[in-house]
Amino acid sequence: MWIAVVSIIVAIGIGVAIGVSRAKKIKALQDEGKIIRRDIHYAEKGEEFTSKIGSYGALKQTLETLGIPCAAEGNTATQILFSGTDFKARLYKKAFDEPSGIGVYRFEFTHWKTGGYSYANETGMNMLLTTVEKAFLRLDPNTGVSTYALQFTTKHTLF
Amino acid sequence: MGNGEAWLYLIGMFAIVFVIMLIVGFIGNKATDKMENAARARRDRAQGQQPAKPPESLAQRYAKR
């Protein structure tokens, strides 16, 4: 009997310790400004930035200066593809008004895995989006942002 | 039934139950996906009929947090 009681207490203790450790880690990242508190379903909406950032190259350079928290590939003149653990995203130029220099850029997650009640790599996704937002803010403090619904489907795999 | 046969029978039963559960789970997940995707499509269509919100200031968004 007492073995069962001790086992339950140990299991609860381990669960609490993992939860506290995770919460501390998230708090530290928030304090450092690497992530911000977001809506639980934030990846289901894309973000559209209206900004005067100069050239697209300047945006890429600023992102690199800030430190992209995952692999960035396929860097064409108008699109950056991000590939992290359990997620993929892209940042692309939607429109550009030559006379005013104002461009419309879209950032969206294209693939992600879910785990528990959240995203499998919520921290990594949040870090990437925060880095992108900060890059726009650094280049143009008057950047406007709006969201749009993404067209996506849920798919379960066997393994 | 000998001891060896009994074990074989037990393992076989476990394997059959496991495979059945796997198949039922997979079909259930696929059905859930289908319902979820249909519900999302309906919600997106309803939202698409609403006027788009004007962009907010990114700096203000960060100032709020």
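## Where the chains meet

Across the interface of chain A and chain B, 11 residue pairs are in polar contact, both residues at pLDDT 80 or more. On the side of chain A that touches chain B, the elements giving two or more residues are β1 (45–51), α3 (122–139) and β8 (144–149) of chain A. By class, that side of chain A has 10 nonpolar, 10 polar and seven charged residues. The model is predicted.

In contact terms, 27 residues of chain A meet 20 residues of chain B. The size of an interface is often given as the accessible area lost when the parts come together. Here chain A and chain B bury about 1900 Å² between them. Of that area, 56% is on carbon and sulfur atoms. The two chains also share two salt bridges. One of them joins the side chains of B:Arg61 and A:Glu133, with N to O at 3.2 Å.

The link between the chains runs through β8(A) and strand β1 (residues 56–57) of chain B. Two bridges join these antiparallel strands. In one pairing, A:Val145 has B:Glu56 as its bridge partner in β1(B). On the way into chain A, β8(A) is joined to β1(A) by six bridges, again antiparallel. There, A:Gly46 stands opposite A:Tyr148 in β8(A).

Is strand β5 (residues 102–112) of chain A largely enclosed or largely open? Eight of its 11 residues are buried, so β5(A) is largely enclosed by the rest of the structure.

β5(A) pairs with β1(A) in the antiparallel sense over five bridges. In this pairing, the bridge partner of A:Glu47 is A:Phe107 in β5(A). Strand β4 (residues 87–97) of chain A is joined to β5(A) by 10 bridges, also antiparallel. One pair there is A:Arg90 with A:Glu108 in β5(A). β4(A) and β5(A) form a hairpin with four residues between the strands. Within that hairpin, A:Gly101 takes a positive phi near 80 degrees.

Most residues other than glycine have a negative phi. A:Asp86 has a positive one, near 70 degrees. Where is A:Asp86 found? It is in the loop between β3 (79–84) and β4 of chain A. A:Asp86 is partly exposed, with a relative accessible area of 31%.

## A buried asparagine

A:Asn126 is in helix α3 of chain A. The relative accessible area of A:Asn126 is 2%, under the 20% cut-off, so this residue counts as buried.

What does A:Asn126 contact, leaving aside its neighbours within four places in sequence? The residues are A:Lys34, A:Ile35, A:Ile36, A:Arg38 and A:Tyr42. With A:Ile36 there is a polar approach. A polar atom of the A:Asn126 side chain lies 2.8 Å from the backbone oxygen of A:Ile36.

Notes:
Residues are numbered from 1 along each chain as its sequence is written. Chains are lettered from A and ligands numbered from 1 in the order in which they are written. Side-chain values use heavy atoms; hydrogens and water are left out. Contact means heavy atoms within 4.5 Å. Buried area is the accessible area (1.4 Å probe) that two parts lose on being put together, summed over both. A salt bridge is a side-chain nitrogen of Lys or Arg within 4 Å of a carboxyl oxygen of Asp or Glu. A polar contact is a pair of N or O atoms within 3.5 Å; within protein, one must be able to donate a hydrogen and the other to accept it, and residues adjacent in sequence count only if both atoms are side-chain atoms. Ala, Val, Leu, Ile, Met, Phe, Trp, Tyr, Cys and Pro count as nonpolar, Asp, Glu, Lys and Arg as charged, and the others, Gly among them, as polar. Two strands pair if DSSP finds at least two bridges between them. Buried means under 20% relative accessible area, exposed over 50%, partly exposed in between (1.4 Å probe, protein chains only).
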